[in-house]
Amino acid sequence: MGNTGPPRTTSWCSHCGAGLVAPPGGSSSSVRCALCHRVTRIERHRSVGNAVVLAPPSPPRTLIPVRRELPAGYPVARGKKRAVLVGVSYTGTDYELRGTVNDVDSMKSLLCGKFGFPSNCILVLTEKKSDDPYMVPTRENLLLAMRWLVEDCDAGDSLVFHFSGHGVQKLDTNGDEVDGYNEALCPLDFEEKGKILDDEINETIVRPLRPGVKLHAIIDTCHSGTILDLRYLCRLSRTGYWQWENHTRQPEKPKGTSGGLAISISGCKDDQKSADSSGFPESAEIGAMTDSFIKAVQSEPGTTYGRLLSAMRGTIRDGQGMGRRLLPGRVGSFVRKMVTSSSVQEPQLCSSEVFDIYRKPFLL
């Protein structure tokens, strides 16, 4: 059977050597490369029947990863342990948060002091660095930092993404959420530039993870349970044991890694709100989730994921229940009966693959 039109012919990108497909028609065309996103002009010299003959292309070159031009304040070193730490305070707004910078400072101290992360391989975005426009946690800067974290990742890399700020839910429009809602992070300029949905987070820092690469996302926001859109969610069963649930509604949709491991530890369920630790005894102004995470890691060297999660829940439950326990007499009794334990935020564990949380040691 004959062709219905001129064939789509192939050339190579003059910038990075990637294969290109030329659109039909015309004497020449400009094609944007899917790899390096640069425009290459393709010249056509003549037509022979239905066939379009291209100018003889240069032979394909060895593909070299395309590096984006990074801001001057970005880490130059590319160690095997890298982290992006984000604290958004929303200064001067009605929804201003206190303590997010403390969260970032505390997390950086933990990574450097306990897990050996080099300080020059940690990228920090807070409003404290307002003198450098690229270090402010705007939407564009946050996505750029996330791409930097996973770019050129290789076996043996241990990556950490920590976010302290506001999180919200938005109605799911593509049908891939079990509860009908997307979870989203709120950058500093979310009212003008928009929020960052879990779909975009997954595409940016989960899907590029290659074999042997490990990512931990530590998210201290409201509505953060499944913020990375990972396949498995760990729940506490009625018998008191943790078990994995497949949280994928559309298995045909690519939401996994490229062979690596992604784990998220978040502040609460998707339908819960997160708090700071102002009610905790002897705690500085810091997010309850960040505070409980750091205490759990420091108190038990070599802990497993299961013990870590249980310790975090215990710390938060004790801290957030402190106010109710301090209320005296009949008032305190009434409040304790009416405000159930389900109102206390519960840290969540999600993963791109199933593992034994009682045996697998927590390592960054």
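Mentor: Here is a walk through the sheet, its helices and the core beside them.

Please keep in mind that this is a predicted model. The chain contains 8 helices and 16 strands, and buried residues make up 47% of its 364 residues. Contacts between residues 24 or more positions apart account for 68% of those with a separation of 6 or more.

Let us begin with the sheet itself. It is open and built from 8 strands, in the order β7-β6-β8-β12-β15-β16-β13-β14, with mixed pairing. The edges are β7 (122–126) and β14 (242–246); each has a single partner strand, so one side of each is left without a neighbour in the sheet. From one strand to the next, the twist averages 15°.

Strand β13 (residues 232–236) runs antiparallel to β14, and 5 bridges join the two. Leu236 has Trp242 as its bridge partner in β14, while Arg235 has Gln243. The hairpin of β13 and β14 has 5 residues between the strands, and there Gly240 takes a positive phi near 90°.

Helix α1 (residues 100–115) lies across β6 (81–87), β7, β8 (158–164) and β12 (214–220), and runs at about 165° to β6. Helix α2 (residues 139–150) also packs on the sheet, where it touches β6, β7, β8 and β12, and its direction makes about 165° with that of β6.

Let us take α1 on its own for a moment. With 16 residues at 1.5 Å a residue, α1 should span 22 Å, and this agrees with the 21 Å between its end C-alpha atoms. Its buried residues are Thr100, Val101, Asp103, Val104, Met107, Leu110, Leu111 and Phe115. Their cover includes β6, β7, β8 and β12, and also α5 (288–299).

The buried ones are Arg139, Asn141, Leu142, Leu143, Leu144, Ala145, Met146, Trp148, Leu149 and Val150. After α2 comes Asp152, with a positive phi near 55°.

In soluble globular proteins, nonpolar side chains tend to be buried together. Here the largest nonpolar core has 38 residues, and Phe161, Phe163 and Leu215 touch the most other members. At least two residues of this core come from each of β6, β7, α2, β8, β10, α4 (198–206) and β12. Among these, α2 gives the most, with 8 residues. Apart from this core lies another, of 33 residues, including Leu85, Ile263, Met289 and Ala296.

Leaving aside neighbours within four places in sequence, Leu215 is in contact with Leu149, Leu159, Val160, Phe161, Ile205, Leu209, Leu228, Leu261, Ala262 and Ile263. The other residue is Leu185, which lies in strand β10 (residues 181–186). Leu185 counts as buried because its relative accessibility is 1%, under the 20% cut-off. Beyond four places in sequence, its contacts are Phe161, Phe163, His166, Lys195, Ile196, Ile201, Ile219, Thr221 and Ile227. Gly167 is 18 residues from Leu185 in sequence, yet their C-alpha atoms are 4.7 Å apart in space.

Finally, a word on confidence. The mean pLDDT of the chain is 78, with 67% of residues at 70 or more. Residues 1–10 stay under 50, and the model has 16 contacts for them beyond four places in sequence. Residues 277–283 are also below 50, with 17 contacts in the model beyond near neighbours in sequence. Where pLDDT is low, the predicted coordinates should not be read in detail.

Key
Residues numbered from 1 in each chain as written. Predicted model: local features only at pLDDT ≥ 70, side-chain atom pairs only at ≥ 80, totals over all residues. Heavy atoms only, no water. Helix = DSSP H or I, 4+ residues; strand = E, 2+ residues; numbered from the N terminus. Buried < 20%, exposed > 50% of the residue type's maximum accessible area, 1.4 Å probe, protein only. Contact = heavy atoms within 4.5 Å. Pairing = 2+ DSSP bridges. Axes fitted to C-alpha atoms, helices over the stretch in contact; angles between N-to-C directions. pLDDT = per-residue confidence, 0-100. Core = buried A, V, L, I, M, F, W, Y, C linked by side-chain atoms within 4.5 Å. Expected span 1.5 Å × (residues − 1).
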